[in-house]
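Please look at the sequence and the structure below, and then read the report that follows.

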Amino acid sequence: MMLKVSRRDLVLGAAGAFAAFGIDRPIAFIGAACAQEPVAPPFRRYRLGEIEAFSLLDGMRDVPLREGMVRNVGVEQVKTALRAAGFPDNQTPIRFIVMALKLRDQVVLIDSGTGGHPIYGSGNGRLFESMAAAGLDRKAVKTILISHLHGDHIYGLMNNETDAQVFPDAEIVVPAAELKWWTQPGVDSIDLGPTRKGLAQRIQATIARWKNVRPFEGEVELLPGVYAVEAPGHSPGMVTHLVSSGGRQLLISADLVNLAPHIQTNPEWQLAIDQDPQMAVATRKKIFDRAVADKLTISGTHWLMPNVGTLAKDGNTYVFSPDPGV
Ligand SMILES: [Zn+2]
């Protein structure tokens, strides 16, 4: 039996608990009445046929709201969406979540988190703590699938001071289009905002030279049952990863939408953080529609915990139903 709770009930419920617990931090309510913040568990576990999938919290950040954060929507509309989702309206909560797959003989990571790089705020880079909490051995990581080459997805691969490899014995599987874009002549001089300052040089000094990097083209099978799905827009060569096992499918959607779908229900919002916002919108709608039609389970890197669930379409918006895991 599913308990039917209206959106209004959720908002009132969140506000009530906020007062009742005397908490000064945001609480987002998922499902009927399950508080997920601020005591986010560091991991969630999911069963997918033969495979176990994990959400591993690497970090949390609240980004102050500013005009232009969403290019085609005013800041008031973003505030309204934040309040409707039960959050304060002066900042957007984002998470840094690394997904992991436990296969028979290895642990696969999808992206590597921030590596604790200060540009993403303090207290981040908790991937190994979250892995330990989930019972995952970092030495068992044999493959790392990279969605795109932004720092919050690859800095976990390298030491912040020395650039030395954190996973020298793992194969790092990178979209060739992404590698090509970030190593093209003159890319260093393109201004892509503060979090991408120095990124191209760092990629060129590390991933572009490492011998354990496997670039791939197109929508190929990267590991048994794990496929790349092209998703350009947020970054030119970004891919998402579709994992298939036991008749179930999980789409690990990386930065297809950076704001949690609790907050951004409208796929048409053009986020300033997307390098090509129009392409990002087209890609988002295409993949979200596929997720609805094929009843995929879907996850996002920067969504709130639990960052895994299903999507339904409601007019022009998408409704996300989080799955708390097992
Ligand atoms: Zn990201």
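H153 is buried, with a relative accessible area of 0%, and D255 is likewise counted as buried, at 1% relative accessibility; buried means under 20% relative accessible area, calculated with a 1.4 Å probe on protein chains only. This is a predicted model, in which local features need pLDDT of at least 70 and side-chain atom pairs count only at pLDDT 80 or more, whereas totals for chains, interfaces and linings use all residues. Residues are numbered from 1 along each chain as its sequence is written, and side-chain values use heavy atoms, with hydrogens and water left out.

The protein donors of the zinc ion, where donors are N, O and S atoms within 2.8 Å of the metal (3.2 Å for Na, K and Ca), lie 2.1 to 2.2 Å from the ion.

| Donor residue | Donor atom |
|---|---|
| D152 | OD |
| H153 | NE2 |
| D255 | OD |
| H302 | NE2 |

In sequence these donor residues follow the spacing D-H-x101-D-x46-H. H153 belongs to helix α4 (residues 151-154) and D255 to the loop between β13 (248-252) and α7 (277-293), so the pair ties together parts that are 102 residues apart in sequence. Helices (H or I, at least four residues) and strands (E, at least two) are DSSP runs.

An open sheet of 7 strands has mixed pairing and the order β10-β11-β12-β13-β14-β15-β16, where two strands pair if DSSP finds at least two bridges between them. β10 (221-223) and β16 (317-322) stand at the edges with a single partner strand each, so one side of each is left without a neighbour in the sheet. Within the sheet, β13 pairs with strand β14 (residues 297-299) in the parallel sense over 3 bridges, and L251 has I298 in β14 as its bridge partner.

Technical notes: Buried means under 20% relative accessible area, exposed over 50%, partly exposed in between (1.4 Å probe, protein chains only).
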